[in-house]
Amino acid sequence: MNTVSFFPRYYFLIVQLLFAFSCTNYSTTASVQAPPTLISITNNGNSNFTIKVRAQNPEFIFQGYRLYSGISEKEVQNPTDLNLGTDCVLASSTIVQPVEYTFEIDPSQKDNATGVSCRIFATLTPGTYIAMRTLGLAVNLQNSTSSFKVSPSSNALIVP
C-alpha cells in the first residue's frame, strides 16, 4: 500500500474522529425559546377567533406554539401544568424572521382558512384570558427521548 496516497485521503476523517472524541464542550441544558407577543384577538362569530401574533424563533429546534386559556391573567401565564395548553405545530418552512402569524381558534376540525398560519382546535369563552408559549424540541441523548420545551409566557389578552 502506498502510504503517500493513504494519508491525504483519510487525513480529514482521522482529524474529525480525534476531534469528536476529545470535544467535551457541549450543553446539557435545553435552549430557551423566545416567547411570542400577542397583538390582537378578534371574535369572528360561532366560537371562532382570529389571533395576530408576532414572534421571532430562528432556532432549529423551534416547533410551534401552545395556547393557554383561563379565568385570569395569572392563570394563563402561570398554569399549574405546562402540558395543558393546545398546540399549533408549524411546518419548518414558516420559520422566517421576523414574522407575524395569524392563528385561527376554532373548536371544529376544519382546514386552515386562507392567510391563516395555523388553526388551533379549542373553545374560547368571551371574558376569559389567553396567553401563548413557544414550543421547542428538547432531545435527551442519554435515553433517546424527545419532548416539547416551552418558553416563558407571552402577554395575556382578554377574549372579546
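Me: What relative accessibility does Asp87 have in this structure?

Reply: This is a predicted model, in which local features need pLDDT of at least 70 and side-chain atom pairs count only at pLDDT 80 or more, while totals for chains, interfaces and linings use all residues. Residues are numbered from 1 along each chain as its sequence is written, and side-chain values use heavy atoms, with hydrogens and water left out. Buried means under 20% relative accessible area, exposed means over 50%, and partly exposed lies in between (1.4 Å probe, protein chains only). Asp87 counts as partly exposed because its relative accessibility is 31%.

Me: Which residue meets Asp87 in a salt bridge?

Reply: A salt bridge is taken here as a side-chain nitrogen of Lys or Arg within 4 Å of a carboxyl oxygen of Asp or Glu, and the partner's nitrogen lies 2.4 Å from an oxygen of Asp87. The pair links distant parts of the chain, 21 residues apart, with Asp87 in strand β4 (residues 86-89) and its partner in strand β3 (residues 62-70); helices (H or I, at least four residues) and strands (E, at least two) are DSSP runs numbered from the N terminus.

Me: What N to O distance separates the side chains of Arg119 and Glu104 in their salt bridge?

Reply: Arg119 and Glu104 meet through their side chains in a salt bridge, and this pair joins strand β6 (residues 118-120), which holds Arg119, to strand β5 (residues 99-105), which holds Glu104, across 15 residues. Both Arg119 and Glu104 are buried. The N to O distance is 2.6 Å.

Me: Which residue is linked with Glu104 and Arg119 in a network of salt bridges?

Reply: The residue in question forms a salt bridge with Arg119, their closest N and O atoms being 2.9 Å apart, and it sits in the loop between β5 and β6, 13 residues from Arg119 in strand β6. It counts as buried because its relative accessibility is 4%, and Arg119 is likewise buried because its relative accessible area is 6%. The residue linked with Glu104 and Arg119 in the network is Asp106.

Me: How far apart are the sulfur atoms of Cys88 and Cys118?

Reply: A search of the whole structure finds one disulfide, a term applied to a pair of cysteine sulfur atoms within 2.5 Å. Cys88 and Cys118, both buried, form a disulfide that links distant parts of the chain, Cys88 being in strand β4 and Cys118 in strand β6, 30 residues apart. The distance between their sulfur atoms is 1.8 Å.
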